[in-house]
Amino acid sequence: MAEEVFWGILKFVIVLTCVFLSIPFVILAERRFLGFMQDRYGPNRVGPGGLLQSFADVVKLLFKEEIIPAGADKALYLLAPALVLVPALCTFVVIPFGPNAQPVDLGIGVLYILGLASLGVYGIVLAGWSSNSKYAFLGALRSSAQMISYELAVGLAIVVVVMMTGSLRLGEIVNEQAGPLRFWWAGQLVEVPFLPNWLALKPLAWPALLIFLVGGFAETNRAPFDLPEAETELVAGYHTEYTGMKFAMFFLAEYANVLTVSAMTVTLFFGGWHGPLLPPLVWFLLKMSLVVFLFMWARATLPRIRYDRLMQLGWTALLPVGLANVVALAFYHILKVGYGTI
Amino acid sequence: MSVGQVVFWLAAVGAVLGAIGMLSSPNPVHSALFLVFSLFCVAVVYLLMGAEFLAIIQVIVYAGAIMVLFLFVIMLLNLKRDEFGQDRLFRQYPVSYLATAVLGAVLTTAGLAVGLRFSEEPTLLVPADRLANLLFTKYLLPFELASLILLIAMIGVVVMVKRPRGG
Amino acid sequence: MTFKDLFILLLGPELWLTFLGFFLFTLDLIFPRAPKKVFGLLTLLAFVGGLVLVAAQVLSPDLADEVRQAAQENRLGYWLVTTFSLDGLATFSKGAIFIGAILIALVTVDYVEKNLREGIPEFYGLMVFSVLALCFMVSSVELITLFLAIEFASISSYILAAYLRGDPKSSEAAMKYFLVGATTTAAGLYGMSLIYAGTGTTYLYEMTAQFMPQLGETGVAFSPPLPVLIGLLMMLATLGFKVAMVPFHGWCPDAYEGAPTPITAFLSVASKIAGMATLMRVFASGFGPLSAGWVPILAFLSLVTMTFGNLAALWQTNVKRLMAYSSISQVGYLLIGVAAFSPSDFQTLLGMSTFQGSEMALPGIFYFLLGYAFANMGAFAVIIWVENWEGATDRESFEGLAQRSPVAAALLTLSFLSLIGIPPLAGFFGKFFLFGAALSRGLGWLAIAGVVNSVISAFYYLEVVRRMYFFPPRRPERVSTSLMVSSAAVLGVVGAFAIGILTEPAYQWAMAAFFDVVFAPNISFR
């Protein structure tokens, strides 16, 4: 028992350290990419090619003055950054990075991630509320409404994945996607050679993939859905009043969330660590970095969406499409197993 | 004490303290957060019993969805202590304490009479698919009833908040 | 009979109401300009159809055998057997609910046209769904199903009570109704969890089976296990709230006064029938072996309920409020019947001993409920009749009604006489059966209290009658109404008369309903 607990904690610490250490480089990569796409240099002075830029930023933030605004709810003000960062980091313990590289294989892995994502909103809401500042407060209100709305759509997308793979366990979801592409057609199993059995290649999962990606952008408050921190109207949104390392924690959490969504997208739709020739971990990281790149690309390309349009998109487009996808999948299952067995 | 027992007592005491904090906190936002904490602790207790699906649903539905909406409304109304006005129910406080004490005593007696004991092994190891099987076989009728309830609640809300035409 | 036919016959009324409810909700979306009266007529059709389907269930000769056979051969869904029951209790109360619902639908159409601007199709749809919820309530034999059915019925009633959106009283009604309802339902749910902890099952008749051996052949009551008894009492909070029993009556006067009047009628008739039937199902049928634990409590609550209702009604000046207190006191009378239960009745119910005739109170409750439903609907139809014309329900609006509309005044008088319990109207025989059962079970004090209370109740009912006949009218013009409202009033009073005059057949029917069990509470099902 005690041994189990020890190994569990050790795995947890290793994964967290890896994630933590990768975030500065993701930030740097984003800034360089943005620079490239906007036809400028980006940070390239600190270290070779600017590699140490993020560490320099951290050092700078460490020496910043800690400010607690007058009239702030002190306890919650201090608690909020932790409430954002901790759920963001905790998600990584269930992600299967490779065949034997999954710290914990929970029976309800998908729901665990959904649950932690839904807890993450508290940090943002409380940060905005406890700052006693109207900009922060508006950001918090926006954020809670936005995350609640998009959580439903993301949940439906996950239901589609669970229906197609038949498991809530992330490890099994990945295993289901092994081998060549298979699907039922006219009462028999058809195999397509040379194509992997990823959900992203099955037409019935396309709407779910789209919803998951769009919802993932919204859940992480990333452009074009970064309304909670819309700098043109709300200064910096929910973290307007935060300085120093507390601000850094929000920043870290945002990128940790980006990594989570990318890892989830790969796990749920792109076959996880499956791939020919290269070792599994490399495949996983490769696919994941492509999705992370998508996040950066979107930020450089798309303008921020208006708030009412955001709500409209979530409630009147994504949600009905998600429902339709679930229903369509249910009909497909009936066709597959036959009506008589029900 | 085993690890499970330590976690259980932490979660159980946390749940009770959270509930007390929710009731006694003058600030509605703090109250909501105490309730979230309490619900989260209850989820941990479920987890210890081996009901992981129930635990995570508790977190997603109560802590993640319902309480965020509560918090949203509380913040939107932005209630301050002095806006509640004079507390006119103060005469009822002793009665409510008494009633709570009696109810607590009765429920504790009932709970002890059932024969509560600490089990080392998770007793409710029900995987999600077995739960789903029960839901779609034995408890199909209540399941369908629940969907009808949600439907009329939704229709009711729309009817209640819809602005009159031309108004 | 195939499973499909059997399924349709068993769940007929529920399926029909679900279908029509959805139809009403969607019809308005497809044809927004459809005349609103169509929705009212469709609602009426829904309830008439429901009554016909219940009649088909009662009259179909071999349904009982079919069901038994199908259950034995495992052709009937497991889920259906353990959650849903179609015994005499269920069919009889469904019949009574549908009769009440038909009369309510008759009085609703005009009221809606006068008082509602928005959401009319949804109003009718919610009415259909709330009757559907009541049907599930009286049929459910499993705690989770029962809880959800009660919650379903409550939520639709909350919404309907708040429907007069411009009127703060309507909002107050819904708010109080909701708060009391939410609290008592939470208590009931907690009680159910205690019962589950004590018995290890949520199926009502499996619990009965557990307690039966302890009851033994002698029929001597025993003291029940503590958690189950406490759980049962907490469930009494929920059921007491549904039937407006003291001390869970707090919502009743305000909700009755503020809600749209047809909904008030619905709460006092259909909802009450379902609540009483469920109370009987849980206490007399399911937890019959534990009667030593709950009979004294119910006897006491019965006394308190009828006395409180009658005394408070004396001071009311608004007739809707008066009807609220009146209905509280009627629940008190009905509870006499439940309190006059003894474990030997239970053995009779299960066919373990032979029927002993008039000693048994439960058929009396059915009879009383039916008579109450008719008389109360007659009264509410006249109240709506007057309200549609006067726009108010205070006592003054009824002054001189005998000159302005002799028929309405006569119908209201007759309804009130039945509620007081004057022969040959139904109310008299109902009270006769209940008080007689109390006497034969050694609850003489309760019977005497019932008689005294009936005398007290005469004061406030007759006060309204006095105002109708001996006071000058405030305005001279006649009070006229549509055919639907007046026919509802006439039907209510005729029903009260018919049941009163045909006492013997009606009582036999109520008894047969209890014994000719279609879907027996067969404790061998697991």
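**Reading helices and contacts**

A: Let us begin with the length of a helix. In this predicted model, α21(C) has 15 residues, and the distance from its first C-alpha to its last is 21 Å, close to the 21 Å expected at 1.5 Å a residue.

Q: Which residues of α21(C) are buried?

A: Burial is judged by counting neighbours: a residue is buried if 20 or more other C-beta atoms lie within 10 Å of its own. In α21(C), the buried residues are C:Ala426, C:Gly427, C:Phe429, C:Gly430, C:Lys431, C:Phe433, C:Leu434, C:Phe435, C:Ala437 and C:Ala438. Just after α21(C), the backbone at C:Gly442 adopts a positive phi of about 75°.

Q: At what angle do α21(C) and α22(C) pack?

A: The angle is taken between N-to-C directions. For helix α21 (residues 426-440) of chain C and helix α22 (residues 444-470) of chain C, the angle is about 150°, and the axes are 7 Å apart. Angles over 145 degrees count as roughly antiparallel, so α21(C) is roughly antiparallel to α22(C). Their crossing is left-handed.

Q: Which residues make the contact between α21(C) and α22(C)?

A: From α21(C) come C:Lys431, C:Phe435, C:Ala438 and C:Leu439, and from α22(C) come C:Gly444, C:Leu446, C:Ala447, C:Gly450, C:Val451 and C:Ser454. By class, the residues of this contact are six nonpolar, three polar and one charged.

Q: How is α7(C) oriented relative to α8(C), parallel or antiparallel?

A: Helix α7 (residues 120-139) of chain C packs with α8(C) at an angle of about 155°, with axes 8 Å apart. The two helices are therefore roughly antiparallel. α7(C) passes α8(C) in a left-handed crossing. On the α7(C) side, the contact is made by C:Leu126, C:Met127, C:Phe129, C:Ser130, C:Ala133, C:Leu134, C:Phe136 and C:Met137. On the α8(C) side, the residues are C:Ala149, C:Ile150, C:Phe152, C:Ala153, C:Ser156, C:Ser157, C:Ile159 and C:Leu160. This contact has 13 nonpolar, three polar and no charged residues.

Q: How far apart are the axes of α8(C) and α9(C), and at what angle do these helices pack?

A: For helix α8 (residues 143-161) of chain C and helix α9 (residues 168-199) of chain C, the axes are 9 Å apart and the angle is about 175°. These helices are therefore roughly antiparallel to each other. α8(C) contributes C:Leu143, C:Phe147, C:Ile150, C:Glu151, C:Ser154, C:Ser157, C:Tyr158 and C:Ala161 to the contact. Residues of α9(C) in the contact include C:Ser170, C:Ala173, C:Tyr177, C:Phe178, C:Gly181, C:Leu189 and C:Tyr196. The contact of α8(C) with α9(C) divides into 13 nonpolar, five polar and one charged residues.

Q: What span should α7(A) have, and what span does it have?

A: The 14 residues of helix α7 (residues 206-219) of chain A should span 20 Å at 1.5 Å a residue, and the end C-alpha atoms are 19 Å apart, which agrees. α7(A) is mostly covered, with 12 of its 14 residues buried. Among them are A:Pro207, A:Leu209, A:Phe212, A:Gly215, A:Phe217 and A:Glu219. Just after this helix, A:Asn221 has a positive phi of about 55°.

Q: How many helices and strands does chain B have?

A: A chain is summarised by listing its elements in order. Chain B has six helices and zero strands, and its elements run α-α-α-α-α-α from the N terminus on. Of its 167 residues, 25% count as buried. Among contacts in chain B between residues at least 6 apart in sequence, 59% join residues at least 24 apart.

Q: Which helix of chain B gives the largest share of the side that touches chain A?

A: An interface is read by counting residues on each side, then assigning them to elements and classes. Here 19 residues of chain B are in contact with 19 residues of chain A. Helix α3 (residues 52-77) of chain B gives the largest share of the chain B side, 14 residues. By class, that side has 16 nonpolar, two polar and one charged residues.

Q: How many residues do chain B and chain C give to their contact?

A: Chain B gives 23 residues and chain C gives 30. On the chain B side, α4 (93-114) and α6 (140-161) are the elements that give two or more residues, and α6(B) gives the most, with 13 residues. This side of chain B has 18 nonpolar, three polar and two charged residues.

Definitions and conventions:
Residues numbered from 1 in each chain as written. Chains lettered and ligands numbered in written order. Predicted model: local features only at pLDDT ≥ 70, side-chain atom pairs only at ≥ 80, totals over all residues. Contact = placed C-beta atoms within 7 Å. Helix = DSSP H or I, 4+ residues; strand = E, 2+ residues; numbered from the N terminus. Nonpolar A, V, L, I, M, F, W, Y, C, P; charged D, E, K, R; others polar. Axes fitted to C-alpha atoms, helices over the stretch in contact; angles between N-to-C directions. Parallel < 35°, antiparallel > 145°, perpendicular 65-115°, else oblique. Left-handed = near helix turned anticlockwise from the far one by under 90°. Expected span 1.5 Å × (residues − 1).
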